[in-house]
Amino acid sequence: MTLPPQPDMRSSTAMKPKSTSPLNMKPMKAIAYDHYGSLEALKIRDIDKPKVNADEVLVRVRAAGLHIGDCFSVRGAPFVMRIATGLLKPKCGVPGFDFAGEVEVVGDKVTQFQPGDEVFGASNGTCAEYVGVASDDLALKPECLTFEQAAAVPTSALAALHALRDVATVQPGQKVLINGASGGVGTFAVQIAKSFGAEVTGVCSTTNVDMVRSLGADDVIDYTQEDFTQAGPMYDLIFDNVENRPLSDCRSALKPSGMLVLRLSKEGIGEAENLIRIVATEALRVDGPENATLGSEQIPDGPLKGAAMRSVASEYVKSDPEAAAQWAQRYANEDYAVSVIEEVGDRWAERDPVKAVSWLEELPEGRGQSVGLSSAFGDWEDRDLAAATEYLSAMSESPQRDSAISGFSRGYAWQDPLVAIAWALDISDPALRQESVTRAGQVFFRRDPSSAREWLNSSGLPAEAQEAILNTGERRG
Ligand SMILES: NC(=O)c1ccc[n+]([C@@H]2O[C@H](COP(=O)([O-])OP(=O)(O)OC[C@H]3O[C@@H](n4cnc5c(N)ncnc54)[C@H](OP(=O)(O)O)[C@@H]3O)[C@@H](O)[C@H]2O)c1
């Protein structure tokens, strides 16, 4: 049954000032700039008040929030920012993305707001008396927040929420590390991760340690005193807002199935890769996986092609691991296949490590196979030792044996550090052997310091390795 139209004061266009009202055409004061450059070029002047379309709202700005992205958009650097802000000169010419204020005019199709509502949200050019904003980018301001407090929230909090809820899907009990915990994004990330029930470690400088702890962090690492990547495989998730450490260092602080989420905003290439990922994900939705793969193949060789191919494949891994396995086999010799091989291997290894290992053994020899084997054997924690021993023993001729043992000793160290160390000592490559023994030794130290100290004294390890084990053991033990 269709109901007759109901009189609704909120949606009645007769009650609202229209978007074409002369009110919208009057000038307003704004902080403005015509060219990219220094912050000194910003001037207060009169510009036209924004016109609002049918699905938009005109808000009188009571407070605007600024963050590091506003410096980028005024300076026009990093250059890749200009894809959004205008290539040769600024499209908007008024800084500011975040605001809080009062609704003055609502477009004809807007039903959820009315003049007088106190709101906050994100738009372009918020350092002005008025801002026009799509009604979807706006929310009612909670009464407990001042306009200034509300204006500090939108972009930074959404960046943190998107990373933790949508990308990483943080679960209760997970161990989460936030690098850059005292910054715009990080302060929200600490609180959001805690609200999801995670055990949170924040990384910041000495002066901000107490502040980050007061936000709810269970543990705080002062980056001037301690390097979070040296703590061993501790975290289910690292959310990195700083990106000052190589990926390989971050990986060593992650559990075998852990996830690293980057903001990817410092380097231009990082931004471009982000865009490519979005395009590839959209192509995947519209064209399907095979066509999205073919489209990504057309991109010239380089990091952007890698980003597109990885995005397509990682969707495969989520929706159809068998198809992802075939994809990984097809591109096994390419650098961009390495993370996919690892992901497929991990996924199977969680349920059935034997299946994962036999699939990985079938792959062409190369970095993908060795990273995959290391990662799959890393999942052997809590599993049948006899099966692992049989596999590793049968690999005596395999060039991937060292990687496999290294992965196994990493995962199994949490089960039985002495067994892990015994295997690690069997690695033929001296550097990998020392790294693996040191890592397993650190776990041993954290679990049973007195037996570990006894073992260390008679281990015959080089002094440097002994010191590394002792240092980590004493700090975290
Ligand atoms: N804010 C946003 O809305 C937003 C949105 C999208 C993307 N982003 C991007 O996300 C990143 C973070 O933005 P933000 O607004 O949070 O920046 P921010 O407010 O400048 O914070 C920077 C953080 O990095 C930490 N830091 C600095 N040097 C460090 C080091 N050597 N080791 C570890 N931590 C270090 C700082 O800690 P101390 O202050 O304690 O030294 C602080 O916690 C930026 O790349 C930005 O472009 C931001």
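**Ligand shell and helix pairs**

Trainee: Why is the ligand said to lie between domain 1 and domain 2?

Mentor: Domain 1 (13-152) and domain 2 (157-262) both give residues to the shell around the ligand, so the ligand lies between them. The model is a predicted one.

Trainee: Which residues come nearest to the ligand?

Mentor: Gly-180, Gly-183, Gly-184, Cys-204 and Ser-205 come nearest, out of 25 residues around the ligand. Two or more shell residues come from each of α1 (68-75), α4 (154-167), α5 (184-195) and β9 (199-204).

Trainee: What is the make-up of that shell by class?

Mentor: It has 15 polar, eight nonpolar and two charged residues. Gly counts as polar here.

Trainee: Why are α16 and α17 called roughly antiparallel?

Mentor: The axes of α16 (residues 401-412) and α17 (residues 417-424) cross at roughly 165 degrees. Angles over 145 count as roughly antiparallel, so that name applies to α16 and α17. Their axes come within 8 Å, and the crossing is left-handed.

Trainee: Which residues make the contact of α16 and α17?

Mentor: α16 gives Ile-405, Phe-408, Ser-409 and Tyr-412, and α17 gives Val-419, Ala-420, Trp-423 and Ala-424. By class these are seven nonpolar, one polar and no charged residues.

Trainee: How do you know that α10 is roughly parallel to α12?

Mentor: Helix α10 (residues 303-319) and helix α12 (residues 338-351) pack at an angle of about 10 degrees, their axes being 10 Å apart. The limit for roughly parallel is under 35 degrees, and therefore α10 is roughly parallel to α12.

Trainee: What makes up the contact of α10 with α12?

Mentor: On α10 the residues are Arg-310, Ala-313, Ser-314 and Val-317; on α12 they are Ser-339, Val-340, Glu-343, Val-344 and Arg-347. Three are charged, two polar and four nonpolar.

Trainee: What makes α12 roughly antiparallel to α13?

Mentor: The angle between α12 and helix α13 (residues 353-362) is about 150 degrees. The cut-off for roughly antiparallel is over 145, so α12 is roughly antiparallel to α13. The axes of α12 and α13 are 6 Å apart.

Trainee: Which residues of α12 and α13 meet, and how do they divide by class?

Mentor: Gly-345, Trp-348 and Ala-349 of α12 meet Pro-353, Lys-355, Ala-356, Trp-359 and Leu-360 of α13. Six residues of this contact are nonpolar, one is polar and one is charged.

Notes. Residues are numbered from 1 along each chain as its sequence is written. This is a predicted model: local features need pLDDT of at least 70, side-chain atom pairs count only at pLDDT 80 or more; totals for chains, interfaces and linings use all residues. Axes are lines fitted to C-alpha atoms, for helices over the stretch in contact, and angles run from 0 to 180 degrees between N-to-C directions. Helices (H or I, at least four residues) and strands (E, at least two) are DSSP runs, numbered from the N terminus. Angles under 35 degrees count as roughly parallel, over 145 as roughly antiparallel, 65 to 115 as roughly perpendicular and the rest as oblique. Two residues are in contact if their C-beta atoms, placed from the backbone, lie within 7 Å. A residue is near a molecule or strand if its C-beta atom, placed from the backbone, lies within 6 Å of it. Domain bounds come from an automatic or database domain assignment. A crossing is left-handed if the near helix is turned anticlockwise from the far one by less than a right angle, and right-handed if clockwise.
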